[in-house]
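Good morning, and thank you for coming.

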Amino acid sequence: MRKIHVIGIGAGDPDQLTLQAVKAFGDTDVFFILGKGEEKADLVALRRGMLDAHRPDGAYRVVEARDPERDRKAGGADYSPAVDDWRSRRADIYERLIADELGADQTGAFLVWGDPALYDSTIGILEEVLGRGAVAFGYDVVPGISSVSALAARHRTGLNRVARPVQITTGRRLADEGFPDGVDDVVVMLDARQAFLRYADHTDVEIYWGAYIGTPDEILVSGPLPEAAPRIERLRAEARARKGWIMDTYLLRRRTDG
């Protein structure tokens with residue numbers, strides 16, 4: 001039976017690959033890479049660099065496909081159906097890649113940024129493909145260092161405080177629903193709206209922000225939100241204009257010392 005590795009490859013730094021990930025690299029015959037267009041060609045290059053470093057034998061194939069576009073204007077009640085449609089179109093691509101490019105006794109791999117268990121669709125999409133019944137395979141999951149873990153490490157801080165919860169949410173939910181009740185430490189991912197600006201006048205909130213974490217383009221900013229927000233807004237706009245895309249993550253921390 002065909003086998004698939006779902007390999008977490010960290011936030012971008014090749015040194016963040018775990019020994020388990022390197023071992024999975026070693027027995028993979030075909031690596032599947034979904035690209036997102038020219039503006040993210042450097043992300044494909046980063047993955048190829050990892051392969052060059054840890055599979056110097058070159059005894060593998062790389063198969064690239066174009067990631068389908070998602071309707072990013074969909075909001076409210078239309079948001080979930082738009083995501084479901086995008087995932088199903090992705091499943092079509094995964095199904096074709098596995099059926100056409102992977103031999104019956106071969107092992108393939110999908111290289112997942114960060115950790116496959118945190119805000120990534122690969123596991124769910126593979127389950128959808130299996131549910132269709134057109135192609136059979138087994139798969140395992142190799143955990144990776146998430147952008148959240150890398151962010152905290154780069155800022156030399158913890159995600160939670162003693163006896164306090166921490167919540168991970170999206171920029172969309174933060175913008176629509178505000179700071180979660182009863183939570184003073186909030187990690188925000190996938191924030192195209194810059195939802196942190198909603199709290200830019202809150203003197204009791206600090207931010208630990210990072211973009212392109214783990215890559216040569218990494219940008220880090222931290223401090224009281226009223227001071228840091230304008231700088232982040234400016235740096236984010238400059239970086240997006242320069243590279244054509246941006247991936248950022250941040251921790252909002254509300255002081256509880258009165």
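Let us begin with Arg132, which counts as partly exposed at 34% relative accessibility; buried means under 20% relative accessible area, exposed over 50%, and partly exposed in between, with a 1.4 Å probe and protein chains only. This is a predicted model, in which local features need pLDDT of at least 70 and side-chain atom pairs count only at pLDDT 80 or more, while totals for chains, interfaces and linings use all residues. Residues are numbered from 1 along each chain as its sequence is written, and side-chain values use heavy atoms, with hydrogens and water left out.

Which side chain meets Arg132 in a salt bridge at 2.8 Å, N to O? It is that of Asp92; a salt bridge is a side-chain nitrogen of Lys or Arg within 4 Å of a carboxyl oxygen of Asp or Glu. Asp92 lies in helix H3 and Arg132 in helix H4, so the pair ties together parts that are 40 residues apart in sequence. Helices (H or I, at least four residues) and strands (E, at least two) are DSSP runs, numbered from the N terminus. Arg132 also forms a salt bridge with Glu128, with the closest N and O atoms 3.1 Å apart. Both of these residues, Glu128 and Arg132, lie in H4, about one turn of the helix apart.

Next, consider Arg254 and Asp184, whose salt bridge has its closest N and O atoms 3.0 Å apart. Arg254 is in strand E10, and Asp184 is in the loop between helix H6 and E7. Arg254 is partly exposed at 24% relative accessibility, whereas Asp184 is buried at 9%.
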